[in-house]
Amino acid sequence: MMDAPTFHVVTEIVAAPERRWSLLCVDDEPNILSAMKRLFRGTGYQIFTAESGALALELLERESVDLIISDMRMPMMDGAQLLEKVRGRWPHITRLLLTGYADVTSTIAAINQGQIQRYITKPWNDDELLLIARQAFERLSLEDDKRRLEALAHRQNEELKALNASLEDKVEQRTADLSKANDRLKKTYLTSIKAFSGLIEQRGDALVGHARRVADIARRVAQSLGLEELEARDVFIAALLHDIGQIGLSDVILAKPVPRMTPEELHRYRLHPIVGEQTLMSLDDMQSVAALIRSHHERFDGQGFPDGLKGEAIPMGARILFLAETYDDLQTGHLGSTGLSASQARTLLSRGGGTQFDPFVLEAFLALFVSVAPVSSRPLSLTTQELKAGMVLAKDFMSEEGVVLLAADHVLSTDLIARVRAYEKRCGRSLLLAIRHVSAPTPTSGGSQ
């Protein structure tokens, strides 16, 4: 009898090539087009312009466009008619409409017929228009990632079908393969969560690094308290996504410390845990995470929000998350006029046991800072030339823009190291990666962090 064919589960996500986003500005007034070209000149986007709907359609026949911004009032073919045609022939293009306050009826028609993603009133605010364009491209990038993940899942499902049909004497080996694939999928899942968390933080400088710092503290506290592995993982993921409900808040609110918010701003800010929970409503596997996000501003004495939960009624993960976020917020100045040092923040937190914080959670948190890990357990900082297959990342490997390129615990392969070196060459600067300490001799040019 012939041996059954060998199947391999595809688990590597091939990184998408760097993409230059393109946008098309359509307006019958040349001075408006010139203003838009000046506005987007320094963004790195590829800019096209057209002075009529007909010329825009001709350009779309020969050029690849990701985003179209069209004026409403144009002769022959107005913005609503143009975007309706674009929707029919190029549905992947994000459609934005420039409109005056007097064009309410026409704007409604554009929304109904062209299904525009957003309309912008004239005259526009430059910063707002740049932000809208950037968010549109970020959404397109997320959709690209989603399609790649779905394609990966489809390929895996097909291979698993073939795997289940293989011979019984292959079952044990296949089970081992699936276990490895599942571990990689978990890492890929966490990498995707971290990447999305990074996109949230791009809303403003005050948010950069906040989620990762909170997630690190929350995970360590959860482990110290002996939470089950799945429960600790939910705490970590909830920490990465706890501010997802703030996406809809204005930059003005996000930039303000909480004590300086107006009553109206504070009301909107206090809705973000609810909005965060609602954002994850459709994801079956994220409901436990969503519950933690909703309750991550509840106080142990019942004076928190949004539900005023008290004591044991607050999920344990939310109690951990509230403490971890407060610790970081005190240092960044989000809760006061100036930021505190780490030791000052811990001193202030230590007074909140039984009121703001669960005393047991607070005790576990403070215990994290009693001793310092020995030098031998700290990660090594290695150049790309010192990397070897089989090494394990100790920390997330981030781009300058704050995007997670490789997640912590990723095992390096020969091909992956080659891609990292190629990325370093494109960046034009030397890179260092944090690698778990091993018993092998420490490279002479590397040092401990």
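Residues are numbered from 1 along each chain as its sequence is written. In this predicted model, local features need pLDDT of at least 70 and side-chain atom pairs count only at pLDDT 80 or more, while totals for chains, interfaces and linings use all residues; side-chain values use heavy atoms, with hydrogens and water left out.

**Overall fold**

The protein chain contains 16 helices and ten strands, taken as DSSP runs (helices H or I, at least four residues; strands E, at least two) and numbered from the N terminus. Of its 449 residues, 41% are buried. Buried means under 20% relative accessible area, exposed over 50%, and partly exposed in between, with a 1.4 Å probe and protein chains only. Contacts are heavy atoms within 4.5 Å. Among contacts between residues at least 6 apart in sequence, 64% join residues at least 24 apart.

The disulfide count is zero, the criterion being a pair of cysteine sulfur atoms within 2.5 Å. Cysteine 25 is buried at 0% relative accessibility, whereas cysteine 427 is partly exposed at 31%.

**Nonpolar core**

A nonpolar core is a set of buried Ala, Val, Leu, Ile, Met, Phe, Trp, Tyr and Cys residues joined through side-chain atoms within 4.5 Å. The largest one has 39 residues, and those with the most contacts inside it are Val221, Leu280, Val289, Ile320, Leu323, Leu349 and Phe365. Two or more residues each come from helix H7 (210-224), helix H8 (229-241), helix H12 (287-294), helix H13 (316-332), H14 and H15. Leaving aside residues up to four places away in sequence, isoleucine 320 touches Ala218, Val221, Ala222, Leu225, Leu227, Val235 and Val361.

**Aspartate 358**

Aspartate 358 sits in the loop between helix H14 (342-350) and helix H15 (359-367). Its relative accessibility is 4%, so aspartate 358 counts as buried. Its side chain reaches the backbone nitrogen of phenylalanine 360 at 2.9 Å, a polar contact (N or O atoms within 3.5 Å; within protein, one must be able to donate a hydrogen and the other to accept it, and residues adjacent in sequence count only if both atoms are side-chain atoms). Beyond four places in sequence, aspartate 358 touches Phe300, Met316 and Arg319. The C-alpha atoms of aspartate 358 and phenylalanine 300 are 5.7 Å apart, although the two residues are 58 apart in sequence.

**Salt bridges**

The whole structure has 17 salt bridges, each a side-chain nitrogen of Lys or Arg within 4 Å of a carboxyl oxygen of Asp or Glu. Three of them are tabulated.

| Pair | N to O distance |
|---|---|
| Arginine 118 and glutamate 128 | 3.8 Å |
| Arginine 139 and glutamate 143 | 2.6 Å |
| Lysine 256 and glutamate 265 | 2.9 Å |

Glutamate 128 is partly exposed at 37%, and arginine 118 is partly exposed at 37%.

Arginine 139 and glutamate 143 both lie in helix H5, four residues apart, about one turn of the helix. Arginine 139 is partly exposed at 32% and glutamate 143 is partly exposed at 28%. Glutamate 265, by contrast, is buried with a relative accessible area of 13%. A network of salt bridges links Glu277, Arg294 and Asp307.
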